[in-house]
Amino acid sequence: MVCYIPLMATKESAATFATAWYAAWNAHDVEKIMALYAEGIDHTSPFIARYTPAGEKPPRSIKGKAGVKAYFARALAKNPDLKFIPMHLTVGMESVILVYRRMNGDLAAELFAFDDTGLVERSISHYG
């Protein structure tokens with residue numbers, strides 16, 4: 001399911017996005033995950049270094065759909081039991097924050113900013 005956030009996010013559009021995002025990640029379906037992201041996605045996460053191939057210098061963020069897809073695929077492969085448990089959803093003007101627990105119980109929050117087509121153009125992960 002592809003969903004698009006309008007320029008001004010609403011509680012309903014944010015909930016639709018959240019449902020699609022959690023379903024794709026919990027199914028470990030990288031194609032469905034990437035359907036939510038724009039070609040020019042810029043993704044930042046403290047885990048980038050963890051999933052950067054050996055011998056490569058980890059970037060501060062990953063830019064572009066192909067690079068983000070490869071990163072997400074590596075993360076899914078290394079975490080076969082990965083599961084996100086939704087906790088809270090916040091809505092901004094052109095952004096959404098999902099607060100969830102990871103399979104190990106750690107708290108996480110991710111900010112998603114959307115482009116004018118409603119796809120994620122910027123995501124910033126935070127882990128507790």
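The model is predicted. There are 14 aromatic pairs in the structure, and one cavity of 30 Å³ or more.

**Aromatic pairs**

- Trp 21 and Tyr 22 form an edge-to-face pair, because their planes stand at 75 degrees, over the 60 that this class requires. The ring centres of Trp 21 and Tyr 22 are 5.3 Å apart.
- Trp 21 has 0% relative accessibility and so counts as buried. Tyr 22, with a relative accessible area of 8%, is buried too, since the limit is under 20%.
- Tyr 22 also pairs with Tyr 100: the centres are 6.0 Å apart and the planes at 80 degrees, so this pair is edge-to-face.
- Tyr 22 belongs to helix α1 (residues 11-26) and Tyr 100 to strand β4 (residues 95-102), so their pairing ties together parts that are 78 residues apart in sequence. Both Tyr 22 and Tyr 100 are buried.

**Charge over a ring**

- Arg 50 is placed over the face of Phe 47, at 4.1 Å from the ring centre.

**Cavity**

- The largest cavity has a volume of about 180 Å³.
- Its lining is made up of 17 residues, and those nearest its centre are Trp 25, Phe 47, Ala 75, Phe 84 and Tyr 127.
- The largest share, three residues, comes from α3.
- By class, the lining holds twelve nonpolar, three polar and two charged residues.

**Loop residue Met 103**

- Met 103 sits in the loop between β4 and β5 (107-114). Its relative accessibility is 34%, so Met 103 counts as partly exposed.
- Leaving aside residues up to four places away in sequence, Met 103 touches Asn 79, Asp 81, Leu 82 and Lys 83.
- Met 103 and His 43 are separated by 60 residues in sequence and by 21 Å in space, C-alpha to C-alpha.

**Loop residue His 28**

- His 28 is located in the loop between α1 and α2 (30-34).
- The phi angle of His 28 is positive, at about 60 degrees, although this residue is not a glycine.

**Loop residue Pro 59**

- Pro 59 is found in the loop between β1 (37-44) and β2 (61-63). With a relative accessible area of 38%, Pro 59 is partly exposed.
- Its contacts, not counting residues up to four places away in sequence, are with Ile 48 and Thr 52.
- Pro 59 and Phe 84 are 25 residues apart along the chain, and their C-alpha atoms are separated by 25 Å. Phe 84 is one of the residues nearest the centre of the largest cavity.

Key. Residues are numbered from 1 along each chain as its sequence is written. This is a predicted model: local features need pLDDT of at least 70, side-chain atom pairs count only at pLDDT 80 or more; totals for chains, interfaces and linings use all residues. Side-chain values use heavy atoms; hydrogens and water are left out. Rings of Phe, Tyr and Trp (its six-membered ring) pair if their centres lie within 6.5 Å; planes under 30 degrees apart count as stacked, over 60 as edge-to-face and the rest as tilted. Buried means under 20% relative accessible area, exposed over 50%, partly exposed in between (1.4 Å probe, protein chains only). Helices (H or I, at least four residues) and strands (E, at least two) are DSSP runs, numbered from the N terminus. A charge sits over a ring if NZ of Lys or CZ of Arg is within 6 Å of the ring centre and within 35 degrees of the ring normal. On a 1 Å grid over the protein atoms alone, a cavity is a set of points where a 1.4 Å probe fits but cannot get out, and a pocket is an open set with protein on both sides within 12 Å along at least five of seven lines; lining residues have an atom within 4 Å of a point. Grid points are joined across faces, edges and corners, and a volume is the space filled by probe spheres set on the points. Ala, Val, Leu, Ile, Met, Phe, Trp, Tyr, Cys and Pro count as nonpolar, Asp, Glu, Lys and Arg as charged, and the others, Gly among them, as polar. Contact means heavy atoms within 4.5 Å.
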